[in-house]
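User: I am new to this structure. Please show me how to read its main features, one at a time.

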Amino acid sequence: MERLVARQLLSHLQASGMLPRLQSAYRANHSSETAVLKVLSDILLAIDSSDLSALVLLDLSAAFDTVDHSILLRRLETSFGLKGKVLQWLRTYLVGRRQSMHQGSSTASSALICCGVPQGSVLDSILFLLYTADLSSLIESRGLRCHLCADDTQIYGYCRPHATLELMETMSQCIDDVQSWMHANRLQLNPAKTEILWSATG
């Protein structure tokens, strides 16, 4: 059943042109390799033009586990046009799930899952992709480029060497924007895995 839903959902999104253009992973012809090649190519072109480039690598903590069901369902309806029986099926798929822990012959009582997409399922990656789709336009509004791959986000930009401070300020403001968006959407950045890389000609 999940595979049928996933196939029809992707078909609807592709036909409507609503799949995020800069999101790799979980999609045909959009692998982690294509994401790396895209970002690397853009940075090398900037360096060849004697520009300075900055790349920020953001990582999320337990991203799939913290997806808010109500926010996701509202986004599926308002941003992607899923309504009626389709939306109701997805609601029953997400809401009301329970899980329990097993160790040896012991089983703990089950607990209600209030957030997250079912990891290992057919739909988990597609739903997470749609949940974070707005990040691209948020980053681009700062005049920067980005590429999302699963729960990793790459933000990058370039400038002439004399404009380094302006690029640093723009990057800082953009990261603040992303952090605020994450907080509003119940996601959390992992500072320990967040890195910045500066590149320039020798």
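This is a predicted model: local features need pLDDT of at least 70, side-chain atom pairs count only at pLDDT 80 or more; totals for chains, interfaces and linings use all residues.

User: How do I read strand pairing, and which way do S2 and S9 run relative to each other, parallel or antiparallel?

Analyst: In general, strands of a sheet pair through backbone hydrogen bonds, either parallel or antiparallel. Here, strand S2 (residues 52-59) and S9 run antiparallel, joined by 5 bridges.

User: What should I look for in a nonpolar core, and how many residues has the largest one?

Analyst: In soluble globular proteins, nonpolar side chains tend to be buried together. The largest nonpolar core here has 49 residues. Leu-76, Leu-127 and Ile-155 have the most contacts inside it. Another core, of 5 residues, lies apart from the largest one; Val-39, Ile-47, Leu-55 and Tyr-156 are among its members.

User: Which residues does Leu-127 touch beyond those up to four places away in sequence?

Analyst: Leu-127 touches Leu-72, Leu-76, Leu-90, Tyr-93, Leu-94 and Val-117.

User: Now the helices. At what angle do the axes of H3 and H5 cross?

Analyst: Read the axes, then the residues in contact. The axes of helix H3 (residues 69-78) and helix H5 (residues 124-131) cross at roughly 75 degrees and come within 10 Å. Angles of 65 to 115 degrees count as roughly perpendicular, so H3 is roughly perpendicular to H5. H3 brings Ile-71, Leu-72, Arg-75 and Leu-76 to the contact, while H5 brings Leu-127, Leu-130 and Tyr-131. By class, that contact has 6 nonpolar, no polar and 1 charged residues.

User: Why does Asp-51 count as buried?

Analyst: Check the accessibility against the cut-off. Buried means under 20% relative accessible area. Asp-51 has 14%, so this residue counts as buried. Asp-51 sits in the loop between H2 and S2. Leaving aside neighbours within four places in sequence, its contacts are Ala-46, Tyr-158, Cys-159, Arg-160, Ser-199 and Ala-200.

User: And where is His-30?

Analyst: His-30 is in the loop between strand S1 (23-24) and helix H2 (32-48). The relative accessibility of His-30 is 24%, so His-30 counts as partly exposed. His-30 and Cys-149 are 119 residues apart in sequence, but 8.9 Å apart in space, C-alpha to C-alpha.

Notes. Residues are numbered from 1 along each chain as its sequence is written. Side-chain values use heavy atoms; hydrogens and water are left out. Helices (H or I, at least four residues) and strands (E, at least two) are DSSP runs, numbered from the N terminus. Buried means under 20% relative accessible area, exposed over 50%, partly exposed in between (1.4 Å probe, protein chains only). Two strands pair if DSSP finds at least two bridges between them. A nonpolar core is a set of buried Ala, Val, Leu, Ile, Met, Phe, Trp, Tyr and Cys residues joined through side-chain atoms within 4.5 Å. Contact means heavy atoms within 4.5 Å. Axes are lines fitted to C-alpha atoms, for helices over the stretch in contact, and angles run from 0 to 180 degrees between N-to-C directions. Angles under 35 degrees count as roughly parallel, over 145 as roughly antiparallel, 65 to 115 as roughly perpendicular and the rest as oblique. Ala, Val, Leu, Ile, Met, Phe, Trp, Tyr, Cys and Pro count as nonpolar, Asp, Glu, Lys and Arg as charged, and the others, Gly among them, as polar.
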